[in-house]
Amino acid sequence: MRSKRSRLDQFIAQKLQISKKAVRQLLIDNRIELDDKICKEVDKQINEFSRIRLDETWLQHRSSQYYMLNKPVGVVSATIDDIHPTALSLLKDVDPELMHIAGRLDLNSTGLLLITNDSQWSQALMAPETKVDKQYLVTLANPIDESYIKAFADGMYFGYEDITTKPAKFELVSKFQARVTLQEGKYHQIKRMFGRFRNPVVALHRESIGGIILDNNLDAGEYRHLTEWEVHTMRKLQAYPFMGT
Ligand code: URA
């Protein structure tokens, strides 16, 4: 999802169906407020959450929204799907058309899913250069041992896409369970990595993304707003400038 940036004068001209010359006059006359301050700059960059007012009338006043969902098995990480319920349809009182998912999970995977309408936030979060840890609890069909640790740390080559996976952290939790931490998210990555050991994944549960940990008060299918701290911890991590929420 691309972030929606544009110029202030273009936005006002389109919104009010007036010429750019007329917009300039409004700016000169101190009639336009951008994020609570009079603005005179025609070429000022704005985004979908900039608060823009003409005199006492709001031209744009939309707030950013951030949720965590405990995704159940059988729910698809997509906006629309003909067969399965979508993660977005689980959020009541939220317009699914305005929201998107930051970092998908497979149909049968469970756990932390981040949902937002702030495309700049999610883009930065998912960009490979941001190097956000994503932690998964994985249950396997066959016993695992310490030989997996090096294989995950060394990376694995997948010829189909011609990629080598980045170093991943592998912790043995029990004979059949491991905690795996990735900083990327290739297609079915964890299942394919265990596939190298001919060890099928029985369950895959995402526990955290960066500093955001799945709230253990949320049962499968339940969701809540992210706290200010959770939203901002990601911004700090991304060295991403604060935008009004
Ligand atoms: N790796 C997978 O194979 N599936 C997921 O859902 C997430 C990571």
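In what order do the four strands of the open sheet lie, and is the pairing parallel or antiparallel? In this predicted model, the order is β3-β2-β5-β6, and the pairing is antiparallel. Strands (E, at least two residues) and helices (H or I, at least four) are DSSP runs, numbered from the N terminus. Two strands pair if DSSP finds at least two bridges between them. The edge strands, β3 (37-38) and β6 (57-60), each pair on one side only. Three antiparallel bridges link β5 (residues 52-54) to β6. Within β6, Q60 is the bridge partner of I52. Helix α1 (residues 8-16) packs on this sheet and touches β2 (32-34), β5 and β6; contact means heavy atoms within 4.5 Å.

The chain also holds nonpolar cores. Such a core is a set of buried Ala, Val, Leu, Ile, Met, Phe, Trp, Tyr and Cys residues joined through side-chain atoms within 4.5 Å. Buried means under 20% relative accessible area (1.4 Å probe, protein chains only). The largest core has 29 residues. I115, V138, F152, F170, V180, I190 and F194 touch the most other members. Elements that each supply at least two residues include β9 (110-116) and α4 (147-154). Another core, of 15 residues, lies apart and includes Y66, L112, L114 and I212.

Overall, the chain has six helices and 17 strands. Of its 245 residues, 44% count as buried.

Residues are numbered from 1 along each chain as its sequence is written. Because the model is predicted, local features need pLDDT of at least 70 and side-chain atom pairs count only at pLDDT 80 or more, while totals for chains, interfaces and linings use all residues, and side-chain values use heavy atoms, leaving out hydrogens and water.

Technical notes
Axes fitted to C-alpha atoms, helices over the stretch in contact; angles between N-to-C directions. Buried < 20%, exposed > 50% of the residue type's maximum accessible area, 1.4 Å probe, protein only.
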